[in-house]
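Student: I have a model open and would like to go through its contacts by question and answer.
Tutor: Go ahead.

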Protein chains: 2
Amino acid sequence: MSRKETINWNGCPIRYAASVFADRWNFVILRDVLFKGRRYYGDFLDAGEGISTNILADRLSKFEETGILTRHQDAKKRSRIYYLPTPKALELIPIFLSIIDWAERHDEHTEVPEAFIQGYRLDADKTIADTEQLIALANAQVTNIQ
Amino acid sequence: MSRKETINWNGCPIRYAASVFADRWNFVILRDVLFKGRRYYGDFLDAGEGISTNILADRLSKFEETGILTRHQDAKKRSRIYYLPTPKALELIPIFLSIIDWAERHDEHTEVPEAFIQGYRLDADKTIADTEQLIALANAQVTNIQ
DNA sequence: GTGATTCACTTGTAAAATGCAAGTGAACTG
DNA sequence: CAGTTCACTTGCATTTTACAAGTGAATCAC
């Protein structure tokens, strides 16, 4: 028996976040964008995680709708499509670093590099800034800025 | 989420975290445990989010398996069941505060109290400690510690 | 120029997860 | 001891996902 009350999800920050990215494939895609420099549709497929093409297309278009990613055509080969993180996506970095920190402490099979996590624990702001730098580099590569 | 694949995530922390809590109902349950003092099975149902009894039971038992919650009988009324957060769950507090911070900035309908979020931005560690205190109080209430 | 290939999806369908309503049994209450 | 509370479980319809196979536009090879 479900005892239902008025459903009011409005304004709850956790519910809002859940609606944007609380899903295992969303986690993987955001990891790829924020930490692995992946930008092309094909990059996400080949990441070895086994995401299906229809699910990937679905998640990418939802990330467009929610303002996390923007979709672009490659300048030199227009059939290639890349996705860039928005500022709203960059602001997820602290969340994901915090998740990495937590997982490193609780997953006995973790492969988080020792130096990385120690650097983060010593100076989180620096790790955030470094991550932003790497993201900017990855963006520059696909947008062919010289 | 509930597929029996425990293998080949290669120690990736984001994948690990995804396997433990990347799901909308998991987000809601953890919010209830960490910030709203909910402990009883019935509390989660009556939270107004509309979770079904079978899904709630499924998620609670998975949180037991993953070491996030522990299940207990109420001392005075043994048919009542409560769930307590483990240290592993408490260590999720920084993640969830970070999520609240992000959502507050991007959800135009946010209802995060101004004072709360400003306090967090001024001194995150204090907000984490305060949250731990409130959790300890909520735990003490159901365990009847005097 | 044309046929093959790359690329980013879309479509079809079976399997799995979810949502909803009802049921169950143990524990408590009057 | 009959009725109620409680924490689930069960059955079933709907929705979502996974997997495989297209599709059509763009590019490449010759």
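**Contacts with DNA strand D and between the chains**

Tutor: In this predicted model, a polar side-chain atom of W25(A) is placed 3.2 Å from a phosphate oxygen of DNA strand D.

Student: Which element gives the most residues to the surface near DNA strand D?

Tutor: Elements giving two or more residues there include α2 (24–35) of chain A and β2 (81–85) of chain B. The surface holds seven nonpolar, eight polar and seven charged residues. With four residues, the element that gives the most is α4(A).

Student: What area is buried between chain B and chain A?

Tutor: The contact draws 48 residues from chain B and 47 residues from chain A. I14(B), R15(B) and W102(B) supply 18% of the area that chain B buries against chain A. Carbon and sulfur atoms give 65% of the total, which is about 4,200 Å².

Student: Which residue of chain A meets R15(B) in a salt bridge?

Tutor: The count between the two chains is four salt bridges. In one of them, R15(B) has an N to O distance of 2.6 Å. The partner is E49(A).

Technical notes
Residues are numbered from 1 along each chain as its sequence is written. Chains are lettered from A and ligands numbered from 1 in the order in which they are written. This is a predicted model: local features need pLDDT of at least 70, side-chain atom pairs count only at pLDDT 80 or more; totals for chains, interfaces and linings use all residues. Side-chain values use heavy atoms; hydrogens and water are left out. A polar contact is a pair of N or O atoms within 3.5 Å; within protein, one must be able to donate a hydrogen and the other to accept it, and residues adjacent in sequence count only if both atoms are side-chain atoms. Ala, Val, Leu, Ile, Met, Phe, Trp, Tyr, Cys and Pro count as nonpolar, Asp, Glu, Lys and Arg as charged, and the others, Gly among them, as polar. Contact means heavy atoms within 4.5 Å. Buried area is the accessible area (1.4 Å probe) that two parts lose on being put together, summed over both. A salt bridge is a side-chain nitrogen of Lys or Arg within 4 Å of a carboxyl oxygen of Asp or Glu.
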